[in-house]
Amino acid sequence: MKTGREVGIAGYGVYIPAPRIDARTIAAAWGRSPDTRLPVREKSVPAADEDTVTMAIEAARGALRRSRAGPSAVRAVWVGTESKPYAVKPSSTIVAEAIGATPWVSAADLEFACKAGSEAMQTACAFVGSGMAEYALAIGMDAAQSKPGDHLEFTAAAGGAAYLFGPAADALALVEGSRSFVTDTPDFFRRQHMHYPEHGHRFTGEPSYFRHTLEASRGLLEALGRVPSDYRWAVFHQPNPKFMRKVAAELGFGEAQIAPGAVVDRIGNTYSGASLLGLAAFLDAARAGDRIFFCSYGSGAGSDAFSLVATARLEAARDAAPSVADYLERRQPIPDYGAYLRMTRAIRML
Amino acid sequence: MTVELPRYHRLRGAYYRLEGSACPACPGRYFPPRAVCPACRTAGLRMFAFCGRGTLYSFSRVLQPPRGFASMAPYAVGMVRLEEGPLISCQLADTDGVDLSIGMPVEMVTRKLRDAEEHGYIVYGYKFRPRLGRAR
């Protein structure tokens, strides 16, 4: 898919909360052997006063700082998440108000499991690309939910990124094209009033993550007439360190192309924020002319693939806001599993 | 909470964006916003958005929190001297494991201010944390 007029990322900002819990602390609480192989070393956890809204606000402020746009020029604020603080009341209006984009702005929360953030990116691209807006803000942010004791508890993390889309003249990275691939696949779901999502066991993996990521990625490469070696960097949704590497290898991307964006290795799976955080790690490092391949995945299921190329403006704008590395280095270890349960409000009084 | 709802809504400019007021006739800058300048008594002060950077003037740790703040305890409160001049009182964020000191650079962040009940309204507003990462 290509936009009517050329569009690019005019600003980006990220957020990762400081608290971290060691995966061995979770394993010990559930009686796992100390020799158990765990998917990640530690994961990020929101502090007691943080949620998806507060994290989205900080990422959005970073995106504006790296751009030439004032907040009143932002015509849309879309927040993609599966951890809205309110069941009924948009998160996007709070974010829009906090960054000063209200009242002449379009706003909504998008839901598509881990693909909600990249769906917001597709929509923002179209909004700017059609000429309806000069700037539109797309955010993917999550304080990921996982049932205590479930294997997802080791990786379900918190964080994400915000991307301000704008005209090509303002771009830090140009969007060359995008492609979405969606089917109805029951791999992961949560019913109303339930606290934690469930897996559709046999649908996890091959028919969901791999099929959709491969189809969307191949579809975009084919449409643009490109091959993986045309790209300096590539980022995929990263529910764990294994899936992303397997899908990259199957498509023909090497470890050197994906390693700097493998944020999952350091903080776990930030759901809607995961692929967007990985992309930001590349924007923190890319030089003008570097081509970046991006493909998200969300259960339910679908993938959005984007092809981007960094512009000469990127390096000058980069230092206006904290980098992914700044947030990765800011760590506050959580002392024990009890403190973790308290912070995540998993303890309920009966 | 129902009584406080309109109050928090009315204060959202100050809570979310650190909007105070500036006197058109003298260098006075005020937070929270004022209607009349206490220095020169000029009325009709205009909205002024503070940049959100400052230094820690004083601080204390709260171990026995008042109602509504229990889930965040222990936490720190402080007084911050904003770059533009005013001294404001606020909660401090991300202070676990941080050696707070008078004069340290801090910056404004938006956080949950108080612990609403599960069915209640969430109050978001400004807090200050030790300044993060590279100088901006």
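In this predicted model, chain A builds an open sheet from nine strands, laid out in the order 5-4-6-7-1-8-13-12-11 with mixed pairing. Strand 5 (106-110) and strand 11 (233-236) of chain A sit at the edges, each pairing on one side only. Going from one strand to the next, the twist averages 20°.

Helix 2 (residues 52-65) of chain A lies across strand 1 (7-15), strand 4 (74-80), strand 6 (135-143) and strand 7 (158-167) of chain A, and the angle it makes with strand 6 is about 140°. Helix 5 (residues 206-224) of chain A, for its part, lies across strand 8 (173-182) along with strands 11, 12 and 13 of chain A. Relative to strand 8 of chain A, helix 5 runs at about 135°.

Over in chain B, strand 4 (residues 53-62) has two partners to look at. With strand 5 (residues 75-82) of chain B, strand 4 pairs in the antiparallel sense through eight bridges, and here B:Arg61 faces B:Ala76 of strand 5 as its opposite number. Strand 7 (residues 105-114) of chain B is also antiparallel to strand 4, joined by three bridges. In that pairing, B:Thr55 finds its bridge partner in B:Pro105 of strand 7.

Note on methods: Residues numbered from 1 in each chain as written. Chains lettered and ligands numbered in written order. Predicted model: local features only at pLDDT ≥ 70, side-chain atom pairs only at ≥ 80, totals over all residues. Heavy atoms only, no water. Pairing = 2+ DSSP bridges. Helix = DSSP H or I, 4+ residues; strand = E, 2+ residues; numbered from the N terminus. Axes fitted to C-alpha atoms, helices over the stretch in contact; angles between N-to-C directions. Contact = heavy atoms within 4.5 Å.
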